Amino acid sequence: MASPSPAAGLEPRDDITPGVGEAGAGSSEKLSPSNVNRILTEFFVYFLRGVVLFYPVYLTGYLGLSVSWLFLCVLMVTWWKKNRQWKVSRVGTAIDFVDNEKEVVNTELKKSLQMASWIQFNDVEKVEWVNKVLEQAWPFFGMFMEKLLRGNIQSAVRQSSSELKTFTFTKIHFGHIPLRIVGIQAYTHEVDHREVVLDITINYEGDVDIDVQIKSAITGGVKGLKLRGMMRVILEPLVGQVPLVGGVTFFFIRRPTLEINWTGMTNILDSSAFSSFSEETIMDIIASYMVLPNRMCIPLIDQVKVDQMRFPLPRGVVRVYLVEARDLLAKDTYMLGMVKGKSDPYATLCVGDRKVKSKTVKENLNPSWGEVHEFVVHEAPGQELEVELYDEDTDKDDFLGRYHLDLGEVKKEKQMDQWFPVEGVENGEVHLKLHWLSLQSDPTMLKESSEGYACAMLAVYLDSASNLPKDLNEIEQQNKNKHAREVRLTRKSAGPSSFVELSINDNVRKSKVIHSTKDPAWEEGFTFFVHNVKTQQLFVQVKENSKKTQLGVLRLPLSRFLNVSNMTLDQRFPLEQSGANSQLKLKATLRILTLEEPPPPPEAEHEIAPNQANAFSSPGVSDQIGPAGQASPRAVPSEDFSTYRRGSYLASEVLRGSPATPSMRRYDSHSLLSENALASSRFDLAEGAMYPEALRKHQGSLGEINLTVRYATLRKKLVIEVKSCRNIFPCSENGTDSYVRLYLLPDQTWRHRKRTHVKKRTVNPVFEEKFEFDVSLEEALTRALDVAVKNNKMFHRRERKDIGTVLISLAQLDLSKDVTDWYKLSLQGQKRYSRGEL
C-alpha cells in the first residue's frame, strides 16, 4: 500500500479542537511500547525485591524457626554493607591521593599535631642548639624545682586545708628527658623597637617521678608527664644597662594539652571516670596562672611597673554572633546502626580561659542558634576563637567538627560574616558573624545598646590589701575602740587566709587565696562587661577562706569613672565593715566599646580639572604625573592638591593668579581633620623664606629617598624607616651635610617632628633610622606623610634648608606589609595645614 502523502496528514480536522490533539499526542507517547516495557520492568523489579525481603520472614515462620535467625541475617547484611562502604571509601581515597598527591600531603601536614611547627611555617626556626642547652641544664633545673616544691609548694598545700597538714614530698625527680622546644617564631615587624616577642612551641614527654605522702597510709604521686603547647615570651623593655632587659613576661595563648600517669592511691585518677576531671582541674590551675589573660612576670629592674607587665589593657573586644550551622553529621543511630537518625547539636566557643556553651537544638542537622557572645582579646594576632560542635548524648557527646579563627583577622577586617567549614569530620559548616570593638577613653562616645549588648569594659587589677582583721571578733573589738587614737589588740595572732570576690551584678570573679597574712598581695587582673555605666557598680568583698565570712567591703559606682582622668582609678581604698585602718589597693580602668567600620577600599580618586595643566609645570612635578594628566599614586606634591578626603587628593583651582607667574600661584589648603572645611590658610612661593638660587635654577633631578612604611598592628603604631638617599643636590664641592625631617600631617608642631642624624659630605647618605607615630590604622589611612631632605648648613640665613620634599598618601599604601620604594624629591611651597572653618 502506498503511504499517505505528507499533505494528507496536514489536513485540518473539524472534530479536533486546538490543544486536544497535542494532549492526545502526549498520551500516545506515554503509552508507547517502550514506556510500557519500562513500567513492567520496574514493577517486576519491585516485586522481586519484595519477595526477597519478605520471603525469609515467611520461611522462618513456616519452618518454626526462632526470630533470632532473622535478626542474625539482618545483622550480617548490615555488616556487609558497612564493610563494602568502607572499602569503597578507601579505594576512593587512594584514587584521590594519586590524582592530587601534592595537595593531600600539604593538607595532612598542616593538620598533623605532631608535626614540628618549623616544618609547617617558614618563619618558625628549628633551634636544636637551645635543646642542647636544655639537655645540659636539665639536672640543675630539677634541683631548682625540688627546692621550689619542698620550700614553697609544700607549705602552701599544708596551709590550704587542715586535712593536709602532714602533706610531704617524699621523692622529687624530674627524670633524664628534658623539655624540648619544637620551634621558635620571633616577631620583629609587629612589635615595639624596645621589646622582643617570641612564640615558643614546647613538647615535654618526661619521665617525672614524684611521690607524696598525705598520711602514713595514704601515698600517691606522678610517674610520667606529657605537656604540649605554645608559650609566648615577651622581653620588655630593652634598656641600656645590665641585664639589658627590664622584665620577662610569659604565658600560654591557648590552653596546653596535659596527660598525667598517676601512681599510688592517686592511680584511681587514671580511670576513665576520674582522669578527665583531675587533669581538667590541674589545667584550670595552670590556666589561672599562665593562660591569657593571666601572665607570669619577672621584673629585672626596679623601674618596671609590675601591674602594667602583669595586666596590660586588652587589645579590644570581639562580638561573636553564633548564627547557625548546616550539613552536620547524623550521630544518633538506632537498631545497631541500621536506622540513622539526626543529631542534637550544640556549640562551644572559647577564647583564652573563657569558654561558653550554646543551647542544644534537638534533632536537627541544620541548627539555628541566634546567640551573641562577647570576648576580651588580649593578643591579636595570636589568640584564636575556638569553635567546637558536639551532638549531645546521655553518655558521651559525639564530636561534630571544629574551627579555629585567628582574631587578628577579625581585627584587620573589623566585621566578618561568612560560613566556615568545620574540620575533623567529613562535612559541615558553621555560620558566624564577628564584629571588632575598639576600646576608647572618651566618655562622650558612650552609647548604651538597645539590644542588650555591652557598652563598656572594666579592667580591674587587684594589687593587695593592708591591715586586714583576722575575723569578725577582731572587727567588733576595733569598732568598740574606734574613737581611740591607736587601736591595739591585747594578743597578736596570725593573719587570715583571705581571697577577694569581685562582681558586677551576676558576673562574679574570685581571686586566689593568700594564707595567713594581714597584708595579702594577690596581683591578679579581671575584666567585666558593662551594660549600664550610670546604674551599675563594682562590688568588692574581702572574705576569709575557711568560714567565708566578710573581712571588708568596697563599692565603686561606675559613673565615677566618667569624671576622672583617663577614666582610671589607681589608689588605696578604705574598706567598709572592716578594721579601722584596713585598705584595699587596686587599679580600675573603664573603656568605651566602639564598633569599628570595615576599612575603605584602597582605591583613591584623582580628579584634575583641565584648566590646571599649568599647576604642574614646576620642576620635579611633571615627572610624577601619569597618563591622562593624573598624578602618580606614590608621591604627590602638596601644592598640587588641596582636599584630603579618606586618603584621596583632589586638585584645587588656581585662585587669583596668573598661570604665567609661577612664583605667585596660590592654592587653598583644606584641613586634613575636617572633610568639609573651607580654605583658611594659603601659601605661595613668594611668601616666607625662598629656596637658594642654585636650587631654583637647577633643571635636573634633585635626588631620591628610599623609605619603608608599615603599620605595627600589635602596638598600634605607624612605623617609618628612613633608609637612604641617592643623587641628592650637592650643596658644596664636598657634597651635602643632609638629614631627613618627617611630619605626619596635619601635625606640624615641633613636638610631632621627627628627624634623622646628619650625614656629612655625601650626596648618597645612608641613614637606616626608624620612627614611630602613635596612630590607629583607620586614622593613618586618612593622613599624609610629609618627608623633607634638608641641608644642615644653610646657603644663607634667610634661605630655606630644603633640598627636596615628597608628600605620600598613606591610603594608597598596603600598610599590612612592608612597603619599600624610592620617591623622587621636588621643590614645593611652604606647606601650612589648618583646621579651617565651616
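The exercises below cover sheets, cores, rings and backbone geometry in a predicted model.

Local features need pLDDT of at least 70 and side-chain atom pairs count only at pLDDT 80 or more, while totals for chains, interfaces and linings use all residues. Residues are numbered from 1 along each chain as its sequence is written, and side-chain values use heavy atoms, with hydrogens and water left out.

**Exercise 1.** Find which residues of the largest nonpolar core touch the most other members.

*Solution.* A nonpolar core is a set of buried Ala, Val, Leu, Ile, Met, Phe, Trp, Tyr and Cys residues joined through side-chain atoms within 4.5 Å. Buried means under 20% relative accessible area, exposed over 50%, and partly exposed in between (1.4 Å probe, protein chains only). The largest core has 35 residues, and Ile 705 and Leu 718 touch the most other members. Elements giving two or more residues to this core include strand S30 (704-712), strand S31 (717-726) and strand S38 (819-824). With neighbours within four places in sequence left aside, the contacts of Ile 705 (heavy atoms within 4.5 Å) include Val 722, Val 740, Val 789 and Trp 822. A second, separate core has 33 residues, among them Phe 526 and Leu 584.

**Exercise 2.** Classify the ring pair Tyr 390 and Phe 399.

*Solution.* Rings of Phe, Tyr and Trp (its six-membered ring) pair if their centres lie within 6.5 Å; planes under 30 degrees apart count as stacked, over 60 as edge-to-face and the rest as tilted. The centres of Tyr 390 and Phe 399 are 5.8 Å apart and the planes stand at 70°, so the pair is edge-to-face. Phe 399 is partly exposed, at a relative accessible area of 24%. Phe 167 and Phe 169 are also edge-to-face, at 5.2 Å centre to centre and 85° between the planes, and both are buried. The rule gives 8 aromatic pairs.

**Exercise 3.** Locate Pro 243 and Glu 523, and describe the backbone at each.

*Solution.* Most residues other than glycine have a negative phi, and most peptide bonds are trans. Val 242 and Pro 243 are joined by a cis peptide bond with omega about 15°. Pro 243 is in the loop between strand S4 (218-235) and strand S5 (247-252). Glu 523, a residue other than glycine, has a positive phi near 55°. Glu 523 belongs to strand S21 (residues 521-530) and is partly exposed, with a relative accessible area of 31%.

Methods:
Helix = DSSP H or I, 4+ residues; strand = E, 2+ residues; numbered from the N terminus.
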